[in-house]
Amino acid sequence: MLERDYVASTVMMGLYFDYGMVEEGVREFGGIDNQDAVCWIAVIDGLVRNGELNKGLEMFRELQVKDVKPNEVTFVCVLSACSQLGALELDRWIHMYMRKCDVKVNRFVTGALINIYSRSSDIDEAQVLFNEVKVKDVSTYNSMIVWLALPGRSITTIELFREMFKERHRPNSITFVGVLKACSHGGLVENEIFQSMETIHDIEPQVEPYGCMIKILGRVGRLDSGSYIMLSNSYASIGRWNYASRVIENMEIGEILKEPGCSSIEVNSVLHEFFA
């Protein structure tokens, strides 16, 4: 049998995975002679992208058996699979294995690791990883901001946001949602952060940032009945009925009354008003 051309086979394997032809992609990989780290990355990434997470991890184990040294890209693919499977202990083992292999930790690997430790509520370890990254980008900051917002570390989140701005990284909508959620949990009213979305960063707020602001103002007693109704209608308009009903429930808990709807009609010079 003629020896397969390495480049052609690798390209063909990638195309198979791009079109969701998983079995064909794995078969093509099996026919490649002298499989190197690039081939292994391609097959693991292809399996993970197509939802074959366990198969991707099996390939990673086979890579170890064959003594092929993985690089940072390999670990990003594997960590992604573990994260989707919720295999937090395996994630920690992979992190230790990375150190053993002396793999350079770039911002992509760090982002994946931050997500892992944050999912397991180990925010302090995630913070250590974040601080170790020398070159950070928007996604690196977002990873940390989003997870800091969950346990309500409001002050730390805002400080990180301001550091990000100081380092000339342009925040995006994900950044603002994370910061505003942190403010909501901490009961902080940061109107200037919300307003800066449009005035400074030219980002049009969508439903979620508005929802965060309404929660913030509601917790400090600075909402009228109209704001709740506006939020409920916004959720309903995009089909999020559970969120819309939850807003109404919060109104009832807070004893906030909706202004009644009113219409009128004149009959024989007499004005009749109807309320609902």
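Asn142 lies in helix α9, which spans residues 138-149. Helices here are DSSP runs of H or I with at least four residues, strands are runs of E with at least two, and both are numbered from the N terminus. The model is predicted: local features need pLDDT of at least 70, side-chain atom pairs count only at pLDDT 80 or more, and totals for chains, interfaces and linings use all residues. Residues are numbered from 1 along each chain as its sequence is written, and side-chain values use heavy atoms, leaving out hydrogens and water.

**Around Asn142**
- Asn142 counts as buried because its relative accessibility is 7%. Buried means under 20% relative accessible area, exposed over 50%, and partly exposed in between (1.4 Å probe, protein chains only).
- Leaving aside residues up to four places away in sequence, Asn142 touches Met164, Asn172, Ile174 and Thr175. A contact means heavy atoms within 4.5 Å.
- The side chains of Asn142 and Thr175 make a polar contact at 2.6 Å. Such a contact is a pair of N or O atoms within 3.5 Å; within protein, one must be able to donate a hydrogen and the other to accept it, and residues adjacent in sequence count only if both atoms are side-chain atoms.

**Aromatic pairs**
- The structure holds seven aromatic pairs. The rings of Phe60 and Tyr97 have centres 6.1 Å apart and planes at 85°, so this pair is edge-to-face.
- Rings of Phe, Tyr and Trp (its six-membered ring) pair if their centres lie within 6.5 Å; planes under 30 degrees apart are stacked, over 60 edge-to-face, and the rest tilted.
- Phe60 and Tyr97 are both buried. The rings of Phe130 and Tyr141 have centres 5.4 Å apart and planes at 75°, so that pair is edge-to-face.
- Phe130 lies in helix α8 (residues 123-132) and Tyr141 in helix α9, so the pair ties together parts that are 11 residues apart in sequence.
- Phe60, Phe75, Trp93 and Tyr97 form one aromatic cluster.

**Whole protein**
- The secondary structure comes to 15 helices and two strands.
- Of the 276 residues, 39% are buried.
- There are zero disulfides. A disulfide is a pair of cysteine sulfur atoms within 2.5 Å.
- Cys39 counts as buried because its relative accessibility is 0%.

**Annotation**
- Across residues 36-70 the chain is 74% helix and 0% strand.
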